[in-house]
Amino acid sequence: MKNISYKINIFLPVEFRFRELESRIAIGINYLKKNPKSKIYIGERETLEIYMKKFMKNKKEKAIIIHKGLTSDLRYFFQLKNLNILFTVLDEEGGVYSDHVFKNWPRAGKNNIYWKYVTYVFFWGSEAQNFYLNTNKYLNKEKTSITGNPRFDIAKIFSNKKSSKIKPIKVLINLNFSRINNIVDYDKEIIHRKKYDKESRFESRVNIFNEFQKQIFKEVINLISFLALNNPDIKFIIRP
């Protein structure tokens, strides 16, 4: 069977450079090896999207944007559709959640209607794929694949070169107190979402999560302080 080479524009937004840039470059290089006629665009998320919308205006060919998660902005999906841009997801975010949140408000959502507007989803493995499919009737298996993630492939290269006996000089602590420690005010976010989606269930879903974060935030800060005080030779970097 003859290999088919596609000519398509692919946009790879980067939210955090140190966390995501290498993996986006890896995706671009591997795709171009099989599809040398295509073009890959990598850049800071907001800047790249502004450029993408201007670039794709009045273009007849389709483009693909690969995000790391789902958005609940319906206007955004309509904008992409009008520009012939396909929304895809490379799922790569997780976290440690309470049992209540994991059951009632998982990251994938429960029967989240916005999955209808997603063209394709790439998963780490079968556990994540099955969880998403079992909790979302709007996501079909035909629209998903288990591909792994280039971030893990890159991490393996570096980890194999380092001895496990070497004491770390720096430790990154990645927090996700997205409700109580957000740059966006919680009450203002509720008003904004209701403005564009009158049937939004955001407040009812997030309120319990918000209260839970308030309870544990201080304890987490105390634990980080304990680690820092007892390991003066290690530099602790916190991503809030």
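These legends walk through several close-up views of a predicted model.

Local features are described where pLDDT is at least 70, side-chain atom pairs count only at pLDDT 80 or more, and totals for chains, interfaces and linings use all residues. Residues are numbered from 1 along each chain as its sequence is written, and side-chain values use heavy atoms, with hydrogens and water left out.

**View 1. Tyr 41 and Phe 55 form a tilted aromatic pair.** Rings of Phe, Tyr and Trp (its six-membered ring) pair if their centres lie within 6.5 Å; planes under 30 degrees apart count as stacked, over 60 as edge-to-face and the rest as tilted. By this rule there are 16 aromatic pairs. For Tyr 41 and Phe 55 the ring centres are 5.4 Å apart and the planes stand at 50 degrees, so the pair is tilted. Tyr 41 belongs to strand β2 and Phe 55 to helix α2 (residues 45-56), 14 residues apart, and the pair links these distant parts of the chain. Helices (H or I, at least four residues) and strands (E, at least two) are DSSP runs, numbered from the N terminus. Tyr 41 is buried, with a relative accessible area of 15%. Here buried means under 20% relative accessible area, exposed over 50%, and partly exposed in between (1.4 Å probe, protein chains only).

View 2. Phe 177 sits in the loop between β7 (170-174) and α7 (186-196), while Phe 217 is in helix α8 (residues 202-230), so the pair ties together parts that are 40 residues apart in sequence. Phe 177 is buried at 8% relative accessibility, whereas Phe 217 is partly exposed at 25%.

**View 3. Lys 59 lies over the face of Phe 55.** A charge sits over a ring if NZ of Lys or CZ of Arg is within 6 Å of the ring centre and within 35 degrees of the ring normal. Lys 59 is at 4.3 Å from the ring centre of Phe 55. Look also for Arg 17, which lies over the face of Phe 18, at 4.3 Å from the ring centre.

**View 4. A salt bridge joins Lys 68 and Glu 15.** A salt bridge is a side-chain nitrogen of Lys or Arg within 4 Å of a carboxyl oxygen of Asp or Glu, and the structure holds seven of them. In this one, N and O are 2.7 Å apart. Lys 68 lies in the loop between β3 (63-67) and α3 (74-82) and Glu 15 in the loop between β1 (9-14) and α1 (17-34), so the bridge ties together parts that are 53 residues apart in sequence. Lys 68 counts as buried at 14% relative accessibility, while Glu 15 is partly exposed at 40%.

**View 5. Helix α8 holds both Lys 214 and Glu 211.** These two residues are three apart, about one turn of the helix. Their salt bridge has its closest N and O atoms 3.6 Å apart. Lys 214 is partly exposed, with a relative accessible area of 49%, and Glu 211 is partly exposed at 36%.

**View 6. Arg 19 and Glu 20 form a salt bridge.** The closest N and O atoms are 2.5 Å apart. Glu 20 is buried, with a relative accessible area of 0%.
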